Amino acid sequence: MPGKLKAKIVAGRHLPVMDRASDLTDAFVEVKFGNTTFKTDVFPKSLNPQWNSEWFKFEVDDEDLQDEPLQITVLDHDTYSANDAIGKVYIDIDPLLCTEAASVISGWFPIYDTIHGIRGEINVLVKVELFNDLNRFRQSSCGVKFFCTTSIPRGYRAAMVHGFLEELVVNEDPEYQWIDRIRTPRASNEARQRLISLMSGELQRKIGLKVLEMGGNAVVGYLQCFDLEGESGLVVRAIGTACTLEKLTSGSLASAHTHPNTAPASNACNSPSKDGKESPLAHGCRSTHNSPVHSACSSQRLSQNFSVSVPTLIFTGMGSGGSAGKEAGPLKTLLRQQTQTALEQREFPFFTLTSFPPGFLVHVGGVVSARSVKLLDRIHNPDEPETRDAWWEEIRQEIKSHAKALGCHAVVGYSENTSICEEVCILSASGTAAILNHRYMREGCLDIGSTDQRFEDPSPPSCGFCHIPYDELNMPFPAQLTYCYNCRRQKVPDVLFTTIDLPAEAAVTGKGCLIQARLCRLKKKAQGEVNATVISNLLPFMEYELHTQLMNKLKLRSMNALFGLHIQISVGENMLLGLASATGVYLTALPAPGGIQIAGKTTGDMSNEQHILTIQKRINDTIARNKELYQINPPKLFALDPEVFCGTNMELTEEGVGSPIPEPRHRSRLFRSHSESSDEVSELDLSHGKKDAFVLEIDDTDAVEDIHSLLTDASPPAGFHSCNTETMPGIYNWTTAVQMFTSVRVLRLSNANLSNQSLNKIFTDLCENLLKSFYFKLRSMVPCCLCHLNFNVAVPEEELIQVSVTAVAMTFDKDQTQERPAERFITKGGSETDEQLQFSLELCADSSSTNSQPSSRISGTVSLFTPAAKLCQSQLVVVHSTGVPENTIVSSRAASVDYGSFADRCSTWLELLRLKAHTIRRGSVKTSRRTQSLAHSVSSLEHCSPLTEGRSRSVRSSRSFGGSPVTMVKMTPLSFLPGTRNIKYLGIINMFFIRETTSLREEGGVSGFLHSFIAEVFAMVRAHVAALGGNAVVSYSMKDCVLMENPNKNQAQCLINVSGDAVIYVRETDQEPTASMTNMGQSLCAADGAT
Amino acid sequence: MAVELDVFVGNTTIMDEEVYQLWLDGYTVNDAVKARMDAGVLEECEADADVLLSDTMDQYRTFQMCERLLQSPAKLANQLLFQITPHRQVMLIERYYAFDDTFVREVLGKKLSKGTKKDLDDISAKTGVTLKSCRRQFDNFKRVFKVVEELKGPLVENIRQHFLLSDKLARDYAAIVFFANNRFETGKKKLQYLTFQDFALCAGQLINNWTVGAVDNMVEDMDVDLDKEFLQELKELKILIADKDLLDQHKSLVCTALRGKTKAFAEMEANFKNLSRGLVNIATKLTNTKDVRDFFIDLVEKFIEPCRSDRWTAADIKLYLTHYTNSAHILDPFKHQAVWDRYMGVIKSCIFIMYHD
């Protein structure tokens, strides 16, 4: 009996009129937990009853405490007939089971009825007294903290990251039980809501047990989903990342909101290249479709193995900081082994996190994904959900092997989802292959900093993650590698796709933007296995086309990396929908993307050529415009000083040791560049020509359509930015105004005989129009950024396309000077700051003497074949030097050197050196350090952000917290609210609601119905948060919004599942002014040095 | 291909004040879209008509859902469904309860009943206010009327607290309630020149001086019903015109005071008896409900019209009424000074308000 739950019903208000005669209500309340029920007295004739009940006490197991919700039912007493239910409140008491979270739940809750919606409010008080239970075999996992946030929650530090958690529970769906034919819709809905509440409680408890087994105390990145499999049942599944979290003391809290300073930044050891060699697999970022059609009787497997290579980037985190040198070799290996074993002990080295403490992420390989088409059948034994487990196991294995092929031992930013249509189910999993720092995986790593200090890698964190983790010789997929433009020591790919957030320390040029690829594919209606086969045949083509679209759009925006990539493929009866969303950025470390070249198939046809020229011009114009729009002016920092330059080259070449001489073709190209580079006139062109332009061949109408659709994407109107990641690179002065919203649009396709093309157009327009609507609605918030734009597509019925979006609009300061906030640097560990300071002092001296800026980037020119390109090789033509002239406006801060020609020259020298020198000594450590310090100083130079202004703005907006009787609760899909600190996490919010109506017209049609339902869901989330004592929900997401309608019968039903973390936030008080001053001084110093 | 469903819900409810006004004014969605386009919303940001339509529909839906709360504004502050900042709430309520002077002028003093509601189409046609807006305004009047009817305490204060209105708006509503309760006739042709604000000011005078609340502030309907005792006492004023000596004495006192002070002296002297009879007769008949209703028309017919035809200036009126009131105090046999002051104070103010040069 380890727990006592106490509940008190205080009062009600705004109750509905239940007695028409008196226009009043005789209300009483039933309080139920498990099988125990208490009742309050009837409070007669009032719409605002004051029950002020005694404390109802439930003595229960903590297992039940975790599984069961407290169920409060408000009823209208009727002497002669049955009492009428007014509505219910389910209260999840999980937050009370954790000592650090809330201690009491107290507040007004909306009384919810699945037919009528919110009907008044009830004031409830709930407390839990937990007794210590030392039973080792306990079934409960009280005290394990859950976070939806996919990063280490602010205010905590990760002492250890244990790894992947997964669990699923299945049950029969009450909606499909025989009894449903005789019970009321209300009873059926309530049975479903209750069941799901129970199931998620159970799931959470089971996950918690796994965490305890692993020795952790928290789940981060907890993601719970429902699969409504119809006849075959109801699956609730969850994944997460087990961690051991430690609360930061208040002293360190100020800095902790950005990073827990525990991060050991040692990416010294994990060069995966050796491993890569051992691995014979050469696949890139692969997505595989494995579709064994499952059928219980025949167990026939139709399997189809597709490998669609996705352009992926990887970086090698070669500890080029020479301090470790050769002698570090064995140690590296040792550490590597430790890491590997630590990871390999786990079945799945997966992490649901999308952003990490500094140093955690060593290299990123690229996106790995797997899909599988299954046929659903009834789950016979809910206690043994083996089939579903096996399905997921299969997919995870696939993901794991993809990651291995990329030379990576882990998958980060991992997520799973399903799309179900009738009996067909597509299971998808995706993540980003990565190499992680072993330190977080090992036991006893709590005393950070003592042991591994010597492997501390001075290579800039701003680019380290981009370096390829796989071996150049055995590239998993064809990619064009160049030396990192940031540190010049490691190879980087030409494009990088990831599912994670942009690492905070990454060096980015300009701003980012939302990039979407949209695709519709018609399919024939079919049943069973035939249907599954059709779908699995279509999948790879869809995936391929989505990637091509993404690639094209990325290039059109002159960007070279995607973050937060999320590809959703939804299945309907007669079509498949694919939507890929990501945030494009220009990573300073990666080469500038080539342009897009249009090629006609037939030459000689004048009109055709004219047409092609026009399109080419449009594309070139768009690229130029986008460059300006997103402020993509890669810093052209080059050392004029030949000495510096030489040193650089030496170092680079040294890195090149052991790396293969590029294929002959590469060489020839390089030589050609060399010869051209002497021609000053052609320099501008060369900058573009140095890379293969992406060529689109117009050979049929399809291609024309594709190009048109490429160009139809409107860029956001002035003052707006958009992204689907946590924050927007290039925007730092956020103000505190946030507006979270959910928008749903459903389109009915009236014309049954649509072609793929017109369908694509319709779908694209639907998404574009939604974005346009957002911009219009939020125009008063300008300048503002829509962050975490999360699109969800579904085909609820034949001829219906549903898109639901949740996002947050955040305003930022107008006088945005693209500057980074000082805090970024302040918050790093003290020692690191010192280091930086030292560097930049060094830099000042250096630059004053040389009067030049050493280059932080050198491009190697390697011919590029993206994996995507490989598949359509026939369409690819290698073109150089005819591209659009590169924007050569050189930032006034940088030494004005023409970058294009320079890059070419560098690469050529490099090439020559490579050809000659087979063994060259390591470059001096100093050079590399300086490079890094430069990178730092450049970015620090950019952040003289006027703190005062930020403050005055926040003061202005603070009055929104006026004397309203209802606590304002902010909601955001992000893990933080700008300008604030989360001082306490109160627990997870995970709610599931059903709403049904039989008077659709009266409720304003299906729009009116859904509008009020979404508003009600928001209201209930806010009320629960407020009752926990919180004032915000972070990491909020609407995971499901399933709408079924039947306008002819005047009926509709909708299911919504939302989750998030309840927090208490406070306005950020002043930053340590001294630190920012130091930083300012630093940047000034750097600026002086640069000019 | 048709948009089957289109919703946008913000955590903080997004409401555009312009659209709100269009909604209040009873524009249909399509008319509102057109009005917004004409106002140039599209130019200020890159959007097209579809976006505008979608936005307008969303907002209309939001307003419709809010309407229930706006009808009992106190609920708006502690409801949970919509998260609206307090200053926004104030704006929403204030605008919801705002009304068109032209409309209210039509229903002022009428019974707020179903019957009147049926006439709203005519009123809408006459005033150019859309029927929808007329209905909202009419229902607002009725709702306020119903709520304050059962409350004790000062009328304006009750309205202000119950409907969270500004002081000005609460006073206007008090006037409307007061007029509706006493069914004052305001629709006659002779009264057409008076604006709602004229009547509202008069109502303020009546409420402050002639109701039960003017003497006792804790009874039901205290500010809505006229003080019956006072109305009875008014009968005593009859002596001023019934007693011939008294009337002459009164006249000579007033004339002495006025002589040489105004150009209209001759007319004043000539009309004194008529005017005095008019005013006193109004006073003595106020015990009849029917005559209460005709209070304003009587004032116009018995006093304002004769003065206007003699081209009195507002200053003349003021001068005359001041001396007329004060002289009665010197009349020896006249014992009802208190009642006289209470009566004439209001009459004086009302006539000042109603006398347009």
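A polar contact is a pair of N or O atoms within 3.5 Å; within protein, one atom must be able to donate a hydrogen and the other to accept it, and residues adjacent in sequence count only if both atoms are side-chain atoms. Across the interface of chain A and chain B there are 23 residue pairs in polar contact, both residues at pLDDT 80 or more.

Before going on, please note that this is a predicted model, in which local features need pLDDT of at least 70, side-chain atom pairs count only at pLDDT 80 or more, and totals for chains, interfaces and linings use all residues. Residues are numbered from 1 along each chain as its sequence is written, chains are lettered from A and ligands numbered from 1 in the order in which they are written, and side-chain values use heavy atoms, with hydrogens and water left out.

**Stop 1: where the chains meet**

Colour chain A and chain B separately. Here 55 residues of chain A are in contact with 40 residues of chain B, where contact means heavy atoms within 4.5 Å. The two chains bury about 4,200 Å² between them, and 61% of that is on carbon and sulfur atoms. Buried area is the accessible area (1.4 Å probe) that two parts lose on being put together, summed over both.

Now select A:F776, A:K777 and A:H1011: they supply 20% of the area that chain A buries against chain B, more than any other three residues.

How many salt bridges are there between chain A and chain B? The count is six, a salt bridge being a side-chain nitrogen of Lys or Arg within 4 Å of a carboxyl oxygen of Asp or Glu. For one between these chains, show A:R748 and B:E4, whose side chains meet with N to O at 2.8 Å. Side chains of opposite charge can pair when their charged atoms come close.

Next, select helix α21 (1005-1027) of chain A, one of the elements that supply at least two residues of the side touching chain B. The largest share of that side, 13 residues, comes from α21(A). Helices (H or I, at least four residues) and strands (E, at least two) are DSSP runs, numbered from the N terminus.

**Stop 2: strands across the chains**

Select β27 (734-748) of chain A together with β1 (residues 2-10) of chain B: eight bridges join these strands, which run antiparallel. Two strands pair if DSSP finds at least two bridges between them.

**Stop 3: two domains of chain B**

Domain 2 and domain 3 of chain B bury about 1,800 Å² between them, 71% of it on carbon and sulfur atoms. Select B:K190, B:Y193 and B:W210, which supply 37% of the area that domain 2 buries against domain 3, more than any other three residues.

Two salt bridges cross this interface of domain 2 and domain 3 of chain B. B:E305 forms a salt bridge with B:K190, and their closest N and O atoms are 4.0 Å apart.

**Stop 4: a sheet in chain A**

Bring chain A back. Four of its strands form an open sheet in the order β9-β11-β12-β10, with mixed pairing. β9 (145-146) and β10 of chain A stand at the edges, each with a single partner strand, so one side of each is left without a neighbour in the sheet. β10(A) is joined by 14 bridges to β12 (residues 234-247) of chain A, and the two run antiparallel. Click A:M160 to find its bridge partner in β12(A), A:T244.

**Stop 5**

Show A:E175 and A:R192, a salt bridge with the closest N and O atoms 3.5 Å apart. A:E175 lies in the loop between β10 (156-171) and α2 (185-214) of chain A and A:R192 in helix α2, so the pair ties together parts that are 17 residues apart in sequence.

Then move to A:P783, in the loop between α14 and β28 (784-794) of chain A. The peptide bond from A:V782 to A:P783 is cis, with omega near 0°.

Finish at A:H14, in the loop between β1 (3-13) and β2 (27-33) of chain A. Phi of A:H14 is near 55°, a positive value in a residue other than glycine.
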